[in-house]
Every structure is written in structure tokens, then in C-alpha cells.
Amino acid sequence: MEESRDTMDNIENAETAINQGPPAGEPERQQYFMERAKRQLAELSARLGRPLTCCINTFGCQMNARDSEKLLGILETIGYKAAESEKADFVLYNTCTVRENANLRVYGRLGQLGAYKKKHPDMMIALCGCMMQEEEVVAKIKKSYRYVDLIFGTHNIFKLAELVSQCLEGRTPDGQKQGKTKMVVDVWKDTDQIVEDLPVERRFPFKSGVNIMFGCNNFCSYCIVPYVRGRERSRRPEEIIKEIQKLAADGVVEVMLLGQNVNSYGKNLDNPMTFAQLLEKVEKIDGIERIRFMTSHPKDLSDELIEVMAGSKKICRHLHLPLQSGSSRILKVMNRCYTKEQYLDLAERIKKAVPGISLTTDIIVGFPGETDEDFEETMDVVRKVRFDSAFTFIYSKRTGTPAAAMEDQVPEEIVKERFDRLLKEVQDISAEVCGRDVKTVQEVLVEEVNVHTPGLMTGRLSNNTVVHFPGDPSMIGQLVPVYLQESKGFYYMGHMADKENG
């Protein structure tokens with residue numbers, strides 16, 4: 001479902017100017033290239049005698065998922081039909097590089113695609129996302145995966161139609177380019193440009209992510225994100241509000257505000273404003289019933305934000321607050337800018353202000369120099385905060401980050417033993433905490449038909465816990481009262497409230 005109702009009007013205007021050359025400004029330039037690529041693909045489709053398909057595979061975070069919705073919106077606008085299979089005419093990997101295994105997965109998938117492309121020369125393969133911001137990665141692809149057609153990064157995804165049009169130029173009827181095959185590479189090191197007014201194909205008609213800022217200024221010593229996503233830059237609040245108003249008019253009831261560190265939103269605006277102030281503006285938008293956001297950095301989570309959350313009727317009772325380590329010594333080496341005691345105090349204040357809130361977190365095990373004592377400090381925080389869930393990771397060395405060059409890397413067998421202990425502790429606590437609402441009626445946003453049991457629907461509480469209950473597909477996208485009959489540890493089984501708890 002396209003989010004911008006005036007996008008097609010803009011494209012029609014671009015069509016009238018197609019022979020005048022591309023405009024210099026954005027998004028008009030991309031509207032021009034969408035029309036141009038549409039014509040090129042129509043010719044290719046006619047030659048092949050069938051519709052053209054595209055497949056996007058997304059690796060990584062919610063921001064990548066949101067980027068993929070934008071990319072799919074552009075591809076569908078220029079003439080591709082979305083497909084699940086990678087045996088498609090255009091395959092795009094939106095990559096993540098937070099951990100090394102994500103890179104290895106992409107290389108493995110690329111090898112399989114290369115074999116398929118030999119038999120289907122009209123196929124195009126594209127790569128984008130964080131992994132493409134690493135110079136050594138691009139160099140490796142150029143050398144070992146020469147059949148890739150297009151590489152672009154995190155800063156210029158809005159240029160997809162222009163880049164696809166460039167790839168299609170000069171192709172001969174057998175799908176190969178005239179002369180020596182040359183991939184298109186367009187990777188920007190950084191940008192202050194934000195281009196958002198383009199087609200988007202949302203996965204869910206009733207909920208949507210909304211980018212409020214891009215980049216990160218924190219430079220945690222283990223993290224490569226600031227190097228591949230660039231410096232923080234916030235969207236203007238009026239643009240964010242306008243986008244959410246359009247979403248609400250299109251039937252969206254839940255939005256998730258996205259940024260690498262949403263708590264630092266607005267600091268670089270011409271007229272600075274706080275994230276809490278932005279939330280208050282979003283809350284006033286008619287039609288939006290639920291507001292989520294991520295990710296929050298503990299060092300920037302203000303008392304103002306806690307107060308706004310406590311008084312809100314729409315902000316969901318769920319906060320993802322990455323811990324990373326419970327050891328103040330390790331946190332200092334990580335450059336996290338808070339201590340164990342400060343984190344515990346923050347968690348306590350949040351829980352007091354917002355009773356019943358679900359706290360989730362990220363934890364790294366095996367950071368360089370982590371001792372048994374440091375690890376026990378992490379376990380202590382887990383036991384005291386009692387997280388609803390935690391994403392636990394074994395430290396992954398990322399070339400180019402300060403931590404990669406640190407001595408005293410922790411032996412693999414020790415890391416694995418700690419990881420297993422932490423995972424068990426998190427799961428045991430989670431199984432207890434997540435059942436706090438059993439035998440009560442709660443509002444559930446119905447998201448989909450249960451994939452395992454016919455006749456059941458699946459939805460989520462405000463605190464993000466999953467609920468399964470009898471219903472029918474007509475409920476999808478609605479907020480309904482559900483009696484939570486039984487807690488299964490990580491999800492609830494329930495019934496519509498008027499049937500069970502009338």
C-alpha cells in the first residue's frame with residue numbers, strides 16, 4: 001500500500017518532462033528516473049513476454065526493514081512485482097554488518113545467486129545497506145563477485161530508480177551489457193541529505209515504522225554503526241508529523257519511531273527540540289492509537305521522557321534499553337558513558353513511573369578483557385532489573401572499531417560457558433515476568449492469522465507480548481479486548497473478552 005497519495009501525480013509530471021533531462025533537486029530527480037526506469041522495464045518485460053519480478057532480502061535491524069519497504073515501493077512503482085523467491089529478475093540484499101556472521105551469510109547467498117544468474121542473464125543482482133559502506137567489502141565483491149550489477153550504501157537508497165535505470169542502459173537483448181561488463185557502484189561516505197517523499201510498500205497496512213533520525217554520534221568501541229550510518233541528523237518535526245498524519249489517514253494505527261539513538265533526536269535541528277517534545281506532538285495525531293520507538297541509549301534517556309511516557313495514553317508500555325554489560329569497568333572501555341549504578345537507577349525510575357512496563361535489553365558476552373567478576377556484575381543487573389527479554393550476543397570483532405585492536409580477547413570456551421549461563425538466567429526470569437497480566441483483560445492489536453493453528457489470530461499487547469486467541473481475519477488491524485486466560489511463558493493464550501470475561 002503506497003504511503004504517499006500524491007506520488008503518482010508527481011510521476012505523471014515527471015513523464016511530461018522525461019525528454020527534458022533530470023531535474024537537479026530531490027525528490028523531483030528520482031520521480032524523473034522512476035518514469036524512465038518504468039519505460040525501460042516495460043520494454044524488457046515485452047521482450048521477455050512476462051511480468052518482471054523482484055525479491056528483497058533484509059538483514060539486520062528495524063531501520064533496515066524500514067529501508068526495505070522504501071526500496072520495494074520504488075521497485076514496484078517502476079514495474080516490478082514482489083516475489084518471495086530469489087529466482088527473480090531483480091534480487092536485492094539489504095545488508096547488515098554489525099556482526100561478522102551477517103557478512104558471511106551474504107557472501108554465501110551471493111555464490112548461490114551467481115550460479116543461477118549464469119542461466120538467466122537478464123537477472124540483476126543488487127547489494128545495499130551497512131555492509132556496503134565498508135571499502136574492503138566493496139573491493140572483495142568487485143574482485144570475487146563480478147556478476148553483481150549494483151552496489152549502493154545506506155545514505156542514498158532514495159536513488160534506487162536512478163541506479164536501476166543506469167544498470168539497464170546499454171543492455172543487449174541477451175541481457176549482457178555492451179562491451180566489458182561493469183557493475184554500478186554508488187556508495188557515499190556520509191551525507192546531510194534526507195529524501196523521504198518517495199513510494200513505500202508497507203509490510204503491514206495497519207502499522208508502520210517512521211524514520212525520525214539517521215546516524216549515530218556515540219562511537220561505542222565495539223560498534224561499526226557510526227562508521228557505516230554516518231553522523232546523527234534529525235528530520236524536521238513538521239516532516240515527521242506530516243508523514244504520520246498520512247499514515248493515519250491510510251489506516252495505520254501503530255507507528256514505531258526509528259533511529260540509532262532516538263533519545264538524542266532534535267539536537268542538530270535549526271530549532272532544537274527534544275524527543276519527548278516530538279512524542280507529545282505525535283500523540284495528538286488522530287487515528288494513531290499506539291506509539292513505539294527504538295533504540296534508546298541509557299545515557300540520553302531524560303526525566304522529561306519518563307514523565308511523558310508516564311502520562312501518555314498512546315506510548316506503548318515497552319522500552320528497549322540496551323545494557324551491553326553490567327560491569328562499570330567494561331562499560332567505560334565500551335564508551336557507553338554510564339555506570340552499572342546509573343543504569344539500575346534509571347531502570348528503577350522507569351518502572352516506578354510506568355507500572356507494568358516491559359523492559360528489554362541487549363547484552364554482549366565476552367567483550368575484550370571481561371573477567372569472571374565483570375560477567376557476574378552483568379548477571380547481577382539481569383537479576384535486579386528482571387528484563388522481559390534480552391537479546392544476548394557473543395562479542396563479534398568488527399574490523400575498524402577500537403575494540404578489534406584490544407588485547408586480552410576472551411577465549412572462546414569461556415565466552416560460550418558465560419553465554420549459556422546468561423541465556424538460561426534471562427529465559428528463566430522472562431518466563432516469570434511475562435505472565436504478569438494473566439487473568440486480566442488487555443487490548444490487543446490483531447496482526448495476522450496464526451501460522452500454526454487454524455482459527456487462531458495472533459496479536460500483541462502494548463508491552464509487545466504476543467497473544468493467540470480464537471478469531472477471524474476480519475479482525476486484522478483492529479484493537480480488541482482479550483482475556484488472557486493462560487501464560488505460556490513467552491506468550492498468552494486468550495479469548496475475546498466478551499466471551500470469556502463478559
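Author: What follows goes from annotated cysteines to disulfides, then to a glutamate. This is a predicted model, so local features need pLDDT of at least 70, side-chain atom pairs count only at pLDDT 80 or more, and totals for chains, interfaces and linings use all residues. Residues are numbered from 1 along each chain as its sequence is written, and side-chain values use heavy atoms, with hydrogens and water left out.

Reader: Which residues does UniProt list for "binding site"?

Author: UniProt positions are given in the numbering used here, feature names are shortened, and annotations may be inferred rather than shown by experiment. The unreviewed entry lists Cys-61, Cys-96 and Cys-130. They are spread over 70 residues of sequence but cluster in space, with a largest C-alpha distance of 10.5 Å.

Reader: Where is Cys-130 found, and is Cys-130 buried or exposed?

Author: Helices (H or I, at least four residues) and strands (E, at least two) are DSSP runs, numbered from the N terminus. Cys-130 is in the loop between strand S4 (124-129) and helix H5 (135-144). Buried means under 20% relative accessible area, exposed over 50%, partly exposed in between (1.4 Å probe, protein chains only). Cys-130 has 8%, so it is buried. Cys-61 sits in the loop between strand S1 (52-58) and helix H3 (62-78). At 32%, Cys-61 is partly exposed.

Reader: What does Cys-130 touch?

Author: Contact means heavy atoms within 4.5 Å. Leaving out residues up to four places away in sequence, Cys-130 touches Thr-95, Cys-96, Thr-97, Thr-154, Val-228 and Arg-229.

Reader: How many disulfides does a search of the whole structure find?

Author: A disulfide is a pair of cysteine sulfur atoms within 2.5 Å. The search finds 0.

Reader: Which side chain joins that of Glu-370 in a polar contact?

Author: A polar contact is a pair of N or O atoms within 3.5 Å; within protein, one must be able to donate a hydrogen and the other to accept it, and residues adjacent in sequence count only if both atoms are side-chain atoms. The side chain of Arg-418 joins that of Glu-370 at 2.9 Å. The backbone nitrogen of Gly-366 lies 3.0 Å from a polar side-chain atom of Glu-370. Glu-370 is buried, at 6%.
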